Every structure is written in C-alpha cells, then in structure tokens.
Amino acid sequence: MSSLDWVVLVSTLTIIILYGIWKSRGKQNMESYFLGNQAMPWYIVLLSIIGTQASAITFISAPGQAYTDGMRFVQYYFGLPLAMVVLCITFVPIFHKLKVYTAYEFLEKRFDLKTRTLASFLFLVQRGLSTGISICAPSIILSSLLGWNLYWTNMIMGGMLIIYTVAGGTRAVAYTQTLQLAIIFGGMFLAGWMVVHLLPADIGFKQALQVSGKMDKLNVIVTKFDWNDKYNIWSGLIGGFFLALSYFGTDQSQVGRYLTARSVKESRMGLLMNGLVKVPMQFLILLIGAMVFVFYLYFRAPIFFNESQLARVRNTSQGPALQQLENQYNSLSTLKQQQVKDLAAALETKDAASTDIAKKALLQTDEQALAIRKEALTLMKKADPTADTNDTNYIFLHFVVNSLPKGLVGLLVAIIFLAAWGSIAAALNSLASTTVIDVYQRLYNGHATPEHYMRISKLWTLIWGVFCIVVAQFASGLGSLIEVVNILGSWFYGVTLGIFMVAFYLKRVGGTATFWAAIAAEAVVLVMYGLEQVSFLWLNAIGCILVIVFATILQPFIKKPALS
C-alpha cells in the first residue's frame, strides 16, 4: 500500500478506538456494561443489529460468492423479514418484561437450571468458535494480499478492538458500530461505483448488468427444490426463517443488541427495520461481486486470486507446468475480452440471434478457462498438499488492491477492520455477559458486590478476546468463510431455537423432557451433517422440529416431583 493508504487506514482505526472509549466514559455498573442502561433509541439498535450481523466476512466473501456462484446467496436472507415479525410478537415483550440480561435467564424461569446451562453452553461454544473465524477471515486475506504476517494480523485485528470493548461494554459497541457502518457503507458505495467507472468507456452500468445476466450471475431466484442445494428460494424461506429466528431470538450477541433499547417499541422498530434493510443491503453487496465478474471479463483475471499461494507453487518443481497453464488461461482471457465486447454490442442492438451466438461463444470460452483453472488447482495441491485452493475470499480484495486508486485502497482495508470489529466486539460482549450472568454469578458466586461483578465482566471480555484470537490462529484453510460461519451456526441454532419454542408454546412440557430432547436432537443434527443428507440451512429447521417432537414424546414418561 502507498503512504496515503497507510495514513487513511491508521487514522480511521484510531478515530474509532478513541470514539468508543469517549462514548463509554462515566461510571459503570452491570446494567450499563451489558445493557447500556436500556437507553438506546431504535435507530442505534438497528445499526447495532446490522453491525453485529454484517461482519468482515460479509464484505469480503459475499462479492466473491457472487463472482463464483452468482447472486443466489441472497435467498439465504428471504426468511429474515418474517422471523423479525415473529420475534417482535413473541420474544421481545417477554425478554423486556422479565428484565433479563441474557436470553438464557428466561429458560431457568420457565424450565430449570440444567436447561438454561445447556443453552448457554451451546451458545458459548458456537459463538466463541464463530468469532475466532470472524477474526481469521479478514486477517488471512490481508496477510496474503499485503504480505503481512498472519499471526500478527490476527493479534492486531482482535487486540485493538479489545481495548474499547473491555473499557466500554455494550455502549461502546453500539455507538462505534454506528460510526463504523457509516464509513463501511460509504466505502462500499465508492468501491461499487469504481467497478463500473473502471470498465471501458462505452460500457455503462446498464450494459454491465446485461452482460452479467447473460453470464448467469444475476440468478437471484432459484425455484427448483433440492434438499442438497444450499441456496434456493425454499431453503432460504424455510431454513433461512428458522436460522434468522434462532440467531436473532436466542443468540445473545443479537439479543443483547435489542435489549439495550429503551422500550419494547424501540426494540421492535429496530428489528422490523432490520428485516426491511438486510435483504436489499445483501443484494447490493452481491451485486458488487457480479460487477467485479464483468470487470474481469474485460480485464485479465489471474488464474488464482490468492497470488501469494501462486508464487509459492511457482518456486516448486510444478512451477513450469503451472506457467504453461497460466499461458493457456491468459490466452483464453484475451479471447474473452473480445467476446464480451461482441456480446455487449449485440445486446445494444437488441439483435436476439447475434446475442445468443455471442453468449454461447463467451460461455464456451469461460468453461474452457474454468477447466484449465481446475487443472491448476490440482497442480497446486500436488505441489503443496496443505494449500487452500478456494480463493473465493480473495476475489474482491484482489480487485481492491490491484485496481483502485491510492487512498481508496487504505479506506477499503480499514473497512475490513471496522466490519470485523463491529461483529466481534458485540460477540465478545455477549460471550462475557453469558459467562458472568449464566455461569459465574448463577453457579459459582451469586452474592458478590456490584464492583466485583464489573471487574469480572471486564476480565471475561478480555479472556474471550484472547480465546477468539487463539481460534483465529488455527482457522485458516476453511474455504468460503461466510459459508463456514453459517454452517457452524446451523449445527446449534435449530436446537437452541427448539428449546425456546417449547418454552413459549408448549406450556405442559417441562425442563427435563426439553433438556434430553435437545441432547438427542443435537446428536441427530450433527450426524445428518456428517452424512451430508441435506444442505446446512435445513439443519436449522430440522433441529428445532426435533426438539419439539422429542420433548412432546418424552414428557409423559417424566415423573413429576412429589409434593412435599
């Protein structure tokens, strides 16, 4: 990066840290540290919810996802608006009425301690691992593209945000997320504008959209039903509904965001607006990826976007063979550059026959290029068995680093840090609140002073921060990280949601039946994933339904405690 890029990067990050510390000034107690004194307006709640959900993975992996697989990933969010309505009717008023710090406190009031502890444990495992991956996602890409040491990048990525998260708690998280999102959306808008601006002078946004559509990258809706297809309208509406309901209703990283609102109405407004904003937001992020695909039709793309990995293979005995494949790939790229111009010209004249001929020619050449790329990936694996041959996470940042002007590169790199910080800071705050409220205070030390609990809360925020940095050091090589995080969540979210659904709607079912039903359902979910019976989104619905069914079946066999 240039000197200007470094100035932009360092200045942006410094402003965020100082702003977070400044916003968290003043006397603190448990309520202010974890709930922000329940004084947040709905728009801060909305931005905090979005900032928690939209991690760096969203802004790094999603454009690459659209580049490789089209925009059908947006269907993953189709169930979210309906889930927000259900949450506003059921979850929000109950949590506010009970004045809980965490969602899992409700489970002890409704069931018993062991069920509360089980749900807390599932959350801590899932969120702790996911947060580590959220640190690793931007770190591994930045380290590869910019030549930074991965382990130091992980430590800087996680360590800097710990400063204001430990110091300020949920108030610092919420207000910094607001400023972070303003910078993030501004930077992403500039990146999207630059993609189109850098295309040839005679190619505008309309023509780029038409080309992208003809290359099957605008496949927003897929109606074919397939259990093993990760992204179609059915898995999105049904599996996505259950996932969103569980994530926003039972994951403390999100529950903790809307519990900070000053009223039930403000919580509801924040959630409902999130339901309206999230799908268009994700659509536009994926659209940037579709435009980057068009950009690399007009300008030569590398055979593999993780160029540091390519460089390592070139220095092995497989280097000459790789170079030969690269030459073939580059020749096809040159051919595609002419063919895409022919397609654009045909589209402009609205000549259906010429458009069809140009499209088929371009698709055929693209398929040939993909076949050569596949050979190169096999060669890379042969040269280095530990090599990560999935470069989805590198596509967008390759464009940023190699195509954008000075200054804007630094801003986009800063955005990666900010997006990571927004979600990770909220996760650390929720991990600490669950650990202190549901484990430490409830099981070990329930009669300490408020000052003691404040010290313990900050200590656990620090401990979880260190834990997540350690996880990040081992999380490289997992493929498309936006999928990895969602798969990991799907292992646990459905079962946790099932526990809450029984609590809300099956009043005759007790804690013991629900506890064992959850254990059995979790085992089934993990086995089904291991056997690859269905795509991961369906695991959310399956886990939830299994808990409800198992608990209903078990309840008649549970002996009621004798009256004393």
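The protein chain contains 22 helices and 0 strands; helices (H or I, at least four residues) and strands (E, at least two) are DSSP runs, numbered from the N terminus. The structure is a predicted model, in which local features need pLDDT of at least 70 and side-chain atom pairs count only at pLDDT 80 or more, whereas totals for chains, interfaces and linings use all residues. Residues are numbered from 1 along each chain as its sequence is written, and side-chain values use heavy atoms, with hydrogens and water left out.

**Overall architecture**

- Of the 564 residues of the protein chain, 59% count as buried (buried means under 20% relative accessible area, exposed over 50%, and partly exposed in between, with a 1.4 Å probe and protein chains only).
- Among contacts with a separation of 6 or more, 86% are between residues 24 or more positions apart (contact means heavy atoms within 4.5 Å).
- The chain exposes about 22,500 Å², of which carbon and sulfur atoms supply 64% (accessible areas come from the Shrake-Rupley method with a 1.4 Å probe; for residues, only the protein chains shown count as cover).

**Salt bridges**

- Side chains of opposite charge can pair when their charged atoms come close.
- A search of the whole structure finds 9 salt bridges (a side-chain nitrogen of Lys or Arg within 4 Å of a carboxyl oxygen of Asp or Glu).
- Glu326 and Arg314 form one of them, at 2.9 Å from N to O. Glu326 belongs to helix H15 (residues 319–349) and Arg314 to helix H14 (residues 307–314), so the pair ties together parts that are 12 residues apart in sequence. Glu326 is buried at 10% relative accessibility, whereas Arg314 is partly exposed at 37%.
- Asp391 and Arg373 are joined by a salt bridge of 2.8 Å, N to O. This pair links distant parts of the chain, 18 residues apart: Asp391 is in the loop between helix H16 (352–383) and helix H17 (395–403), and Arg373 is in helix H16. Both Asp391 and Arg373 are buried.
- Salt bridges that share partners join Glu108, Arg116, Asp438 and Arg442 into one network. Within it, the side chains of Glu108 and Arg116 meet at 2.5 Å, N to O, and Arg116 is buried, with 5% relative accessibility.

**Helix packing**

- The axes of helix H21 (residues 511–531) and helix H22 (residues 536–554) come within 8 Å and cross at roughly 145° (axes are lines fitted to C-alpha atoms, for helices over the stretch in contact, and angles run from 0 to 180 degrees between N-to-C directions).
- The crossing of H21 and H22 is right-handed (a crossing is left-handed if the near helix is turned anticlockwise from the far one by less than a right angle, and right-handed if clockwise).
- Residues of H21 that meet H22 include Trp516, Val524, Met528 and Tyr529, while those on the H22 side include Leu539, Ile542, Leu546 and Phe550.

**A buried glycine**

- Gly275 is located in helix H13 (residues 264–298) and is buried, at 5% relative accessibility.
- Gly275 and Ala83 are 192 residues apart in sequence, yet their C-alpha atoms are 8.1 Å apart in space.
- Beyond its neighbours within four places in sequence, Gly275 contacts Leu80, Pro81 and Met84.

**Nonpolar surface patch**

- Leu459, Leu462, Ile463, Val466, Val470 and Phe474 make a nonpolar surface patch of about 550 Å² (patches are made of residues with over 30% relative accessible area and no salt bridge; like charges are joined within 9 Å, and nonpolar side chains (Val, Leu, Ile, Met, Phe, Trp, Tyr) within 5 Å).
- Val466 lies in helix H19 (residues 450–473) and is partly exposed, with a relative accessible area of 43%.
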